[in-house]
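Keep the structure open while you read, and find each residue as it comes up.

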Amino acid sequence: MSKLVILNLGKGNLHSGFPFVSVQLFDEKSLDGHLQEEGNSQWNQFQGNLPASLTLVDLYRRWQLLYELIYEFRYINVGLRQSQPSDEDIKIDDADVTHFSDVDFYEVCQELQKQIDIWLDAEEFRHIERQLRMQLSSDDEIRFIIQTEDILLRKLPWHLWCFFSDYPKAEVGLSSIEFETITQVTKYTQQVKILAVLGESKGINIDADRRILESLPSAKTVFLVEPKHSELDTILWDNQGWNILYFAGHSYSSYEKNSGYIHINKNEYLNISYLTNALKKALKNGLQIAIFNSCDGFVLAQKLENLHIPQIIIMRERIPDQVAQEFLKNFLINFAQGESFYLSVRHAREKLQGLESEFPAASWLPVICQNPAVISPTWEKLRDKNQEIKKYTSHYSQQLKLNSKVLFFSLVVTIVVILIRCLGLFQYAEIKAFDYLMQMRSPESEDSRLLIVGADEKDIRTYGYPLPDTIINQLLDKLQQHQPAAVGLSIVRDSPVPINDTVNHQGLINHFRKNHNLIGICTFNNSPEQSISPPSPSPEIQVGFVDLYNDKEQTNNQDTTVRRYLLSRSENPISEASPCTAKYSFAWQLAYQYLNAKKIPVTTFKDDWKLGTSVIKRLEKSSGGYQNLDARGNQLLINYRHTLDPIHIAQQVTIRDILNADGDRFNPAWVKDRVVLIGVVAPSVKDPHQTPYGEMRSLYIHAHVVSQLLSTVEDHRPLLWWLPKWSETLWIFCWSLTGSIVVWHVKISLHRGLALCICGAILYGICWSIFSLGGWIPLIPGITALVVPWGVIWVSNAVYSRLYR
C-alpha cells in the first residue's frame, strides 16, 4: 500500500529548535494528483516539537569540509560536474589538508548518522515516530516528505535516520512549506518525451549520459548539445510539451546570491531564474520530472520549487562523473521497468554504495525535491495514451465517493440536530435569538389608530388609588363625546371604588349599557380563587380577559418573556367555574370593535381567525422555535411594533390632561375613530412583564397586540410566520451540507475557519432579512448544523492525538 508522510518542521532551525512540528499521514490509494481531503478516513495528523542541535550543525559542517577536501586534493584527476566552488562559505586552508584520512571521513559519517538518530529520538518527537510506526507497515511504499525552508536542514542526509532502514520501500524527499496544486495540459503519445540538455562537458563524459538516454524503451528524447540560452528557451516553450527535463554538465550554487547556475555551453553560465517563464510554460504543458545530474543543486531546486515543478532530482554536493552516470543508468532502468519514482531513486542511490571505496559518500548525493500536492508518476503513466481517461474516471470515482461521504454525514448531522430540537434542547436559545432579531429590525412609526390614557404618579396623587368610579365616569364622558371607535378600560372594577359608592359604580355600569364600544376586563388566572370578575353586570360581548402568558414553563423557569398572546379560548367543561367567563381577549375585543366600525368583516377560516382578507395563523404545538408548546386556544405570536421607544407605541396622555381639557396636552382629534386604552402607568403600581424589548406594563403589551391586528388588516404589515416541518428540515440539511463541504474541501484550518465564519454571516443575514418580512426560520439549529462537521473533525483529531500521544 502506498503512503504519504509529510513532516513539517515549520520555521525552526537547528540553532533555536523547532517549537511546532507536525506530521500528516495519508493513504495514497485514492489520490490522483492532489492531497487527500482532511475529512478522508485515511488521514491522520500528529504534533510535537524538536530540540535544537548545535552538534549537528558543527558535525555537518565538518563532514562537508572533509568531503570538499577529498575531491579537491585527493582526487584531482576525477571528473567533477562542477567548475566553480559550490559554497563561498567553505574556505579550505592548507592546514586542513595535511592531517586527515579516509578513516577520519568515515568516522565523521558514522558520527553524523548517530547524531541524527539521537536528535530524532528526542522525547518531544518520540511519540510522533511511535505513531508513524503504528500506522505504517514494512511492506508499505512510503513517500516521506520533509518540509523546511532552512538550507542546512535540507542538506542533512535524512536517509541515514534509522527509520528508513526499517522501511525498505521508503524514500525521503524535500519540500517547501508552501506549495500549490498545478493544472497541466497532458498530451499522451505512447512515448515518454524527454528533453536532454547536454551542457559544457570539459573534464566529463557526457556522451555516456546520451547513450543511456537513447537506450530507454518507449521514450522520445530530443538532445540539445551545448545550446545557447535562446535555443533552450525556445524549445521549452514548445507546445508539444515534455515529461522529463534532463540536464548533464557543470553547475554550481551561489548561496550568497541565492542563485543557481548551469554551464550550458563553453561561454554561458545561465542563471536558472532566466528560464522562469519557459519553465512555467513547460510545466503547463505536462512537465513532471526535472533531473539535474550535476553538482550542488540545492539552489537550483529551490528556484524550481518556486515554480511548483512536481518532482526534481538534484545532487547534494559535488558529484564525480562516474557516480553521476551510474546513478542515471540505474534510476532510469528501474523507473522504465515499472518501479515507482521514489523506489527507483532509492535503489539507484543505494547501488552507489558499491562505488564508495573510490568515491566516498557517493550514495548520499541524490536528493528528491517534491511538490506534495502531486503524486509521483510511473513510467507507464507518463506514456499511457489512455491515462487521461483513467485519470478522469479515477477522479470522478473519488469525487463521487467523497460526495457520498459528505452527503451521508450531512444527513446524520441533520437528523441529530432535528432530534435535539424536537426534545426542546434548542428552545431557550431559539427564543432568545427571536428576541435579538426582533430588536434588530428597522424602526417603525407610532400607530396613529391608538390613544393610550395612562394614570401616572401625579394622577394617583390627585385622584387617589385605586382610581374612584367617579373619576372613571368623568373620563368616559369626556372620551365618548369625541366618538372613539373603541374604549378599553384596563382597570379592575369588579366592585365599587370606594366600596360604599354604589351611585358612581352604577354610573359606570350605565356606561357599559349605553356605550357598546366600551370594553372591560377580567382575569381567570387558571384558578377560580385567583380570578377577577368583570364589571357587573357587563354584557359578555363587552368584556375581554387580560391574562398574559410567558415562556417560563417552556424554558424550565429560565425565561419569563411574553412572546405569545391568547386571542380567544374555548371553555373547559371539566374545569371549575370561574367568574371570568370571557371567551375573547381584551386586545381582540378592541380590534373587533374597531374593524366592525370600519365595516371590515371578522370571520373564521378553519381554526384561525380571518380579519378582512388576512388570516391570523394560530400557534401550533411546534411553531418556529417552540417545541411541545401548549397550543390550546387561539394563540398569536406577538409582532411587537419596533418604535424608537417600544412603550411609546402610540400617542399618550394622562387622565388630568383629558379632564382638565388642556389644549396644549390633549387634542380631541386624537380620540375620534381611534382605539383608546385606559390604564395605570405609575411606576409605584407594579405591573412588570418581560418582553423582547425589556420590561413593559401589561397595558402596553395589549396595545402592541391591538396595533398588530389592525396593522395586518389595514397596512398589510406582516404577521410572524414560520416554515412547515419539512421546510425547516431541508433548511437545516442545507447548512449541514454547507458545513460538511467546507470541512472536507478547505484544507487549511485558517481558511476553513474563515469560510465557516462567512457562511455563518450569510446564514444570519438570511435569517435577519426574512425576519424583517415576518419569517421566523431556524437560526440556532442552522448554525449548529453548519459548525458540527468541523467540531466532529476537530474533536476526533484531538481525542485521537491524546489517546495515542
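## Meet Phe-144

Leave out residues up to four places away in sequence, and Phe-144 touches Val-5, Leu-7, Leu-132, Trp-161, Phe-163, Phe-164, Glu-171, Val-172 and Gly-173. A contact here means heavy atoms within 4.5 Å.

Before going on, a word on the ground rules. This is a predicted model, where local features need pLDDT of at least 70 and side-chain atom pairs count only at pLDDT 80 or more, while totals for chains, interfaces and linings use all residues. Residues are numbered from 1 along each chain as its sequence is written, and side-chain values use heavy atoms, with hydrogens and water left out.

## Rings around Phe-144

Searching the whole structure turns up 38 aromatic pairs. Rings of Phe, Tyr and Trp (its six-membered ring) pair if their centres lie within 6.5 Å; planes under 30 degrees apart count as stacked, over 60 as edge-to-face and the rest as tilted. For Phe-144 and Trp-161, the ring centres are 5.9 Å apart and the planes sit at 85 degrees, so this pair is edge-to-face. It links distant parts of the chain, 17 residues apart: Phe-144 is in strand S4 (residues 141–147), and Trp-161 is in the loop between helix H5 (151–155) and helix H6 (162–166). Helices (H or I, at least four residues) and strands (E, at least two) are DSSP runs, numbered from the N terminus.

How far apart are the ring centres of Phe-144 and Phe-164? They are 5.3 Å apart with planes at 75 degrees, so this pair is edge-to-face as well. Phe-164 belongs to helix H6, 20 residues from Phe-144 in strand S4. Phe-144 and Trp-161 are both buried, and so is Phe-164. Buried means under 20% relative accessible area, exposed over 50%, partly exposed in between (1.4 Å probe, protein chains only).

## The cores

Phe-144 also shows up in the largest nonpolar core, which has 128 residues; Trp-63, Trp-119, Phe-144, Trp-158 and Phe-331 touch the most other members. Helix H1 (residues 54–74) is the top contributor to this core, giving 10 residues. Apart from it lies another core, of 77 residues, including Phe-434, Ala-591, Val-713 and Trp-731. A nonpolar core is a set of buried Ala, Val, Leu, Ile, Met, Phe, Trp, Tyr and Cys residues joined through side-chain atoms within 4.5 Å.

## More to find

Look for one aromatic cluster formed by Tyr-60, Trp-63, Tyr-67, Phe-105, Tyr-106 and Trp-364. Then try two charges over rings: Arg-210 lies over the face of Phe-223, 4.3 Å from the ring centre, and Arg-564 lies over the face of Tyr-626, at 5.6 Å. (The test is NZ of Lys or CZ of Arg within 6 Å of the ring centre and within 35 degrees of the ring normal.)

Is Val-546 buried or exposed? Val-546 is buried, because its relative accessible area is 13%. You'll find Val-546 in the loop between strand S18 (543–545) and strand S19 (564–568). Beyond four places in sequence, Val-546 touches Ile-521, Cys-522, Thr-523, Phe-586 and His-702.

## The whole chain

Zooming out, the chain has 24 helices and 29 strands. Of its 805 residues, 56% are buried.

The chain averages 87, and 90% of the residues score at least 70. Over residues 32–41 pLDDT stays under 50, and the model has 39 contacts for them beyond four places in sequence. Residues 385–394 also stay under 50, with 9 such contacts.

Note on methods: pLDDT = per-residue confidence, 0-100.
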